[in-house]
Amino acid sequence: MISISESFSNFFAKKTTALSFNYTINHIFGYLKFNYCQMTIFHRIFYFYRDGFRRMTVGKQLWLIIFIKLFIMFAILKLFFFPNFLQTNFSTDEERSDYVLEQLINKK
Amino acid sequence: MEQFDLALIDWSRAQFALTAMYHWIFVPLTLGLSFIVAIMMTIYVKTGDELWKKITKFWMTLFGINFAIGVATGIILEFEFGTNWSNYSWFVGDIFGAPLAIEGIMAFFLESTFIAILFFGWGRVKPGFHLLSAWLVAIGSNLSALWILVANAWMQNPVGMQFNPDTARNEMLNFWDVLFSPTAINKFLHTISSGYVLSAVFVVGVSAWFLIKKRNVIFAKRSMVIGAVFGLLSSFYLILTGDESAREVFRTQPMKFAAMEGLYDGETNAPLVVIGLMKQLPDPQNPNLERFAFKLEIPNLLSYMAALNPNAFVPGIRDLIHGNEEHGLMSYYEKIEKGKIAIQALSEYKTALEAKDQATADENLKLFKANYAYFGYGYYDDPHSLIPHVPLTFYSFHLMVGLGMHFLILFIVILVLIFRKKIEKVRWVLYVALWTIPLAYIASQAGWIVAELGRQPWVVQDLMPTLSAVSNIDKGAVMTTFWIFAITFTVLLIAEIKIMVSQIVSQSKNEGGH
C-alpha cells in the first residue's frame, strides 16, 4: 500500500506503478484509469477535472469568456435589470393571480 | 381600460427576437457537430487510425468553442420571461415550467458531465467509455433541445391543458399530450435536422477551405466525406420533416400557412409558388389587387402538399378573415365576438365570486369555457390586426426552402467529386462550399422567422396575443437591456469567430495530417 501523496507523485511523474486495486470502486467506476486507486471516487473525479483543466490550451480562453459572460448575466443583468416582475411586486400567489386576471380582463 | 404601450411591446419583442436569434446562432452547430464528432470518434475507435483521432480532436475543439461561447445564452430568455413577459409566464404556468425544468436537469447531467469526459478523457478513460461519452453528449444536447421545443410547440398549438380561471394559469392535464403533440414532434425533428444540415455545411465548408489552401488534404477530404454524407442524409430527413411540419401548420395555424405562401384568396387545386416577387403589401381591403410582380408556380402542388390531395381547398388570408361557409371556416369577426364573450364572462365570473353569487359565477364559467378557444381574439376589434407580416414570412419561408435545396445539391456534388477524385480540381465548388457556411446560418434564422413571426400576433396561439402577455414595465429599461444584449452578443459572436478561425488556420498549418 502506498499513501495518497505517493500516488499523486506517481501520477504526476506519469509512472505506471502497480497499485493495490480496490475492486469494489473500480468495478463500479472502473472506467477511470488513474493510478491513484486508493483514493475515493470523489478524489478521482476531482483530479480528473483538475488535470483536465490544467492541460487545456484554448479551453482557458473559453473559460474566461464563460466566466465573464456569466458575471454579466447574473451579477449585472439579472440583479439590476431583470427582477421577476410578479415575484418582486406581489408577495402571494393569490395577489399574482389577481393581478394577471386583472391584466387579462382589462388589457386592451 | 388600460391603454397598452405599443412601443413597449415592440421593444420587448425586439429584445426577445434579438436574444433568441443570437442564441440560435450557437445552438444548431452544437446539435449537429456533436453527432459528427461522435461518428468520427467511432471510426477512430474502430480503426485505430491516428489521423481519425486528429480529425476527431480538431472538430471536437471547434464544437467546444461553439458550446462554450453559446452556453447559457438561452438563460437570458428565461430572465425576459420573468421580467418582460410576466403575464405570459404566469398564464402558461407549469406547462412551460415542467419541460424547462427537465431541460435544465438533462443539460446539467448529460451534457455537463459527459462533455468533461469527452474533452479530458483522451488517454485517461477507456476508449469505449470515451466513445460512449461522445454519443451521450450528442444525445444530451439534442434532448435538451427537445424540451425547449416542446414548450415552444405548445405555444404554437396549445394542447393537454385546462385554464384555471381562479389562478389565471393553464394547468397541465396530460403531460404526454404536450410531449407527443404532432406539432411538438414535427418541430423537434425539423429543428434538429436543420441543425444537422447546418453542421454538415460547416464541416464541408471548412474542409473546402483546407483544400483551397492545399493544406492537410487527406484530413480535409475525410472530414468532407463525413460532413457530406451526414449532410445528405440529414437533408432528406429535413425535407421530410419540413413537409410534415408545413402540413401541421396548415392544420393548426392556417393564417401562418397562408402568409408563408402569400396566399390571399383561398382556392382548390392551389398552385405552389416556387419563386415569387411581391409587388406590395397585401391589402385586405382591395381583393382584386395582383400581389405578385412575378411568380413561378407549380399547379395543384400546394393543395397536395397541404392535404395530400390536389383538389383540396387551401384557405387564403381573406377566407380566414371573412370566413368561408362552403369550407366550414369561421370568420375572424365571429372569433373576435366569441373572444370578447370569453373575456367578459371571465370578468363577471370574478365579480360574482367576490359577491359570493355562486349561481352567476357558474353561469359565467360555463360561458367562459364554451368560448375559451377564442379568448385571445377578444383583445382585437379589427381582424386585420391578426394578419402577420406577409412579405417577411413569405420571403423567409421561400429563402429557407431554396437554401435547403442548395445544401442538398451541394452535398451530392461534393460526394460525386470526391468519389471521382476530382474535388481539388473543381475549385469553384470548393469556393461555393466555403461561402455556403453563412448561407446555412441565414436559412436557419429564416426558419425561426417563419415560425415566430408567422404566428404573430400570438404568443400562445388563439389564446394570448403579445399585447396581453407583456409586463407593464418601463420601456426605457427594455431599450437599455436591448442594447446591452446587442453589444454583449456581438462581442461573443466576434470572439467565437476569431477563436474558431485561429484554430482552423492553426490546424491547416499543422502538416501532420497528411
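1. Let's start where the chains meet: 34 residues of chain A are in contact with 45 residues of chain B. Here "in contact" says that the C-beta atoms of two residues, placed from the backbone, lie within 7 Å. Keep in mind that this is a predicted model, where local features need pLDDT of at least 70, side-chain atom pairs count only at pLDDT 80 or more, and totals for chains, interfaces and linings use all residues. Residues are numbered from 1 along each chain as its sequence is written, and chains are lettered from A in the order in which they are written.

2. On chain A's side, α3 (41-55), α4 (58-81), α5 (85-89) and α6 (93-106) each supply at least two residues. α4(A) gives the largest share, with 13 residues. Helices are DSSP runs of H or I with at least four residues, strands are runs of E with at least two, and the numbering goes from the N terminus.

3. Sorted by class, that side of chain A, the one touching chain B, has 21 nonpolar, seven polar and six charged residues. Ala, Val, Leu, Ile, Met, Phe, Trp, Tyr, Cys and Pro count as nonpolar, Asp, Glu, Lys and Arg as charged, and the others, Gly among them, as polar.

4. Now for chain B, which is split into domain 1 (6-253 + 388-506) and domain 2 (264-387); such bounds come from an automatic or database domain assignment. Taken over C-alpha atoms, the centres of these domains of chain B are 31 Å apart.

5. Where they touch, domain 1 of chain B puts in 18 residues and domain 2 of chain B 19. On the domain 1 side, α8(B) has the largest share, four residues. By class, that side of domain 1 of chain B has 14 nonpolar, one polar and three charged residues.
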